[in-house]
Amino acid sequence: MKQAWWKERVFYQIYPRSFLDTNDDGVGDLRGIIEKLDYLKSLGIGAIWLCPVYDSPNDDNGYDIRDYENIMAEFGTMADFDALLEGLHARDIKLVMDLVVNHSSDEHAWFNESRKAKDNPYRDYYIWRDGKDGNIPNNWASFFAPSAWKLDETTGQYYLHLFSEKQPDLNWENPVLREEVYAMVNRWFDRGVDGFRMDVINCIAKDEGLPDGSGSPNAAGCYAGRDCLCLGEAPFTSPEEGAKMLDEETGIFDMIFPFDLMEIDDGPNGKYDPVPWTLAKFKQIVNRWQTAAEHGWGSLFWSNHDQARAVSRFGCTDTEELRVRSAKMLAAAMHLLRGTPFVYQGEELGMTNTPFPDASAIRDIEGINALNEARISGRYDQIWKGILHKGRDHARTPMKWNASANAGFTTGEPWIMVNPNYVSINAAAEENDSDSVLNFYRKLIAIRNSSRTLQYGAYRPLCTEHTQLFAYERELDGETFMIVCNMSGERVSLPEELHGQVVLSNCEHTEVGVFAPYEARVLRKI
Ligand code: ISL
Ligand code: CA
């Protein structure tokens, strides 16, 4: 197995809008991240994935980019960006940017030109089609709207938008567009960034009724010779397809984010129709992806800026004690699998879902559109319940720094509500509590940072049929760790083969041979 910096480091994902505001406008900013560099370093993380900070009208919070080579004014300046990069590098933390090139903003200069006339030189940067019989070109749905097509009056043609109307899809069949993107990416590399997380990158090639192009679009085409991470966000990808993408010799990505786990509780009507997840299905997903990444490398995450809070969704928040214990258990279960762990901001505090009082508290375009449609279709109550359970805004309420007003996130009016439980759950309180979720993350990350076995060792599932325990081992050169997690709210007796020397545990008092609800142990085999 080839060694690489991105295999050995734990990542931390930052959603800048919600991290820390330093100029009282209620919006997080780059200076806010700079202020917290020592906090980040103290976690033991070795790389940041920074959600988009490019100039954007914020229809989808920066995932609609107006200018790929400028910083969003609300977040700061290019000088702030350079200072952030320098501050990270000075602490030996890598910076991986978010690259959104499936689409741009409809306010991007390319689109302004493109929509002007059918013979505009930029026309072919986007995907334009005539209507069919006075209607939309085909029945494609958008993720954020019923149709993926929008009629543009100027030329009477429709443009494709897989996401919102303000996110027109770029045409990757156009070689000129590709070269522009490659050149832009390379300018960021020259600036010093260490890689990209490529947004919905497996959607850039369109099929069905769209013309053949020359060769298959490949956004990884600009990495040649750089020791930079190419990480593809890849929804709708099967483990078989994933294995091909990840193959260390022939694949195009160093890592991908697949979504099977994030969809584990989708019901018949999708994400806002949640059903209980099961341990059997969880194990199946983990095993399939650990196997798929055998000749490459996996990504390990419980949540991100598009998902509900991990402990509310996969752990237990019935009591404060169980919230803390199950948040730690989830961390141990995920971080020591084979692959690179990603911590989403606030996860290290065991942050929970936010009790949004009503639709006026929702800021996410996906949620807002879903509610608007639900008003028409009569499914409002169901969708609202779904949003309370799985809405993207749960991840986006502000980071909770301390018990002062607005959790110390801002002294202004926050752009989205702060979770009221900040009074007890916040970084300052956890800093001073040796048994906090925060301090458990530090221990866990330190263990992984210092063990080649936990970084590179082979994965083998244990107790595969067990209905409460999730367990696996990692082995390298004769050293073996066993990670054993009780994913249930019941006491469980420990199978004989899982006994070993305790390296880390999430319970103050461990009982030999018995696991408390949500208990986790990392054991060294003796
Ligand atoms: O959030 C989702 C479902 O609720 C996902 O389907 C998500 O839309 C998909 O994973 C793509 O996400 C990425 O691209 C979107 C952006 O809104 C997301 O924030 C981003 O992570 C469009 O750029
Ligand atoms: Ca600000």
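Tutor: Donors are N, O and S atoms within a set distance of the metal, 3.2 Å in the case of Ca. Keep that in mind as we look at this predicted model.

Student: Which residues are the protein donors of the calcium ion (ligand 2), and what makes them donors?

Tutor: They are Asp21 (OD), Asn23 (OD1), Asp25 (OD), Val27 (O) and Asp29 (OD). Their atoms lie 2.3 to 2.4 Å from the ion, and the limit for Ca is 3.2 Å, so they count as donors. In sequence, these residues follow the spacing D-x1-N-x1-D-x1-V-x1-D.

Student: Is Val27 called buried or exposed, and why?

Tutor: Val27 has a relative accessible area of 5%. Buried means under 20%, so Val27 is buried.

Student: And why is Asp25 called partly exposed?

Tutor: Asp25 has 35% relative accessibility. That value falls between the 20% and 50% limits, so Asp25 is partly exposed.

Student: Let's turn to the rings. How many aromatic pairs does the structure hold?

Tutor: It holds 34 aromatic pairs. One of them joins Phe111 and Tyr126.

Student: What makes the pair of Phe111 and Tyr126 edge-to-face?

Tutor: The ring centres are 4.9 Å apart, and the limit for a pair is 6.5 Å. Phe111 lies in helix 5 (residues 109-114), while Tyr126 is in the loop between helix 5 and strand 6 (128-129), so the pair ties together parts 15 residues apart in sequence. Both Phe111 and Tyr126 are buried.

Student: How do you know that Trp277 and Phe282 also form a pair, and of what kind?

Tutor: Their ring centres are 6.0 Å apart, within the 6.5 Å limit, and their planes are at 65°, over the 60 degrees needed, so this pair is edge-to-face too. Trp277 and Phe282 are both buried.

Student: What makes you say that Arg123 sits over the ring of Trp128?

Tutor: The charged end of Arg123 is 3.8 Å from the ring centre of Trp128. The distance limit is 6 Å, and the charge must also be within 35 degrees of the ring normal. Arg17 likewise lies over the face of Trp415, at 5.4 Å from the ring centre.

Student: Why are strand 6 and strand 7 called edge strands?

Tutor: Start with the open sheet, whose three strands come in the order 6-8-7 with antiparallel pairing. Strand 6 and strand 7 (149-152) each pair on one side only.

Student: And how do you know that strand 6 and strand 8 pair?

Tutor: Two bridges join strand 6 to strand 8 (residues 157-160), and pairing needs at least two, so they pair. Here Arg129 stands opposite Tyr158 in strand 8.

How values were computed:
Residues numbered from 1 in each chain as written. Chains lettered and ligands numbered in written order. Predicted model: local features only at pLDDT ≥ 70, side-chain atom pairs only at ≥ 80, totals over all residues. Heavy atoms only, no water. Donors = N, O, S within 2.8 Å, 3.2 Å for Na, K, Ca; no water. Buried < 20%, exposed > 50% of the residue type's maximum accessible area, 1.4 Å probe, protein only. Phe/Tyr/Trp six-rings, centres within 6.5 Å; stacked < 30°, edge-to-face > 60°. Helix = DSSP H or I, 4+ residues; strand = E, 2+ residues; numbered from the N terminus.
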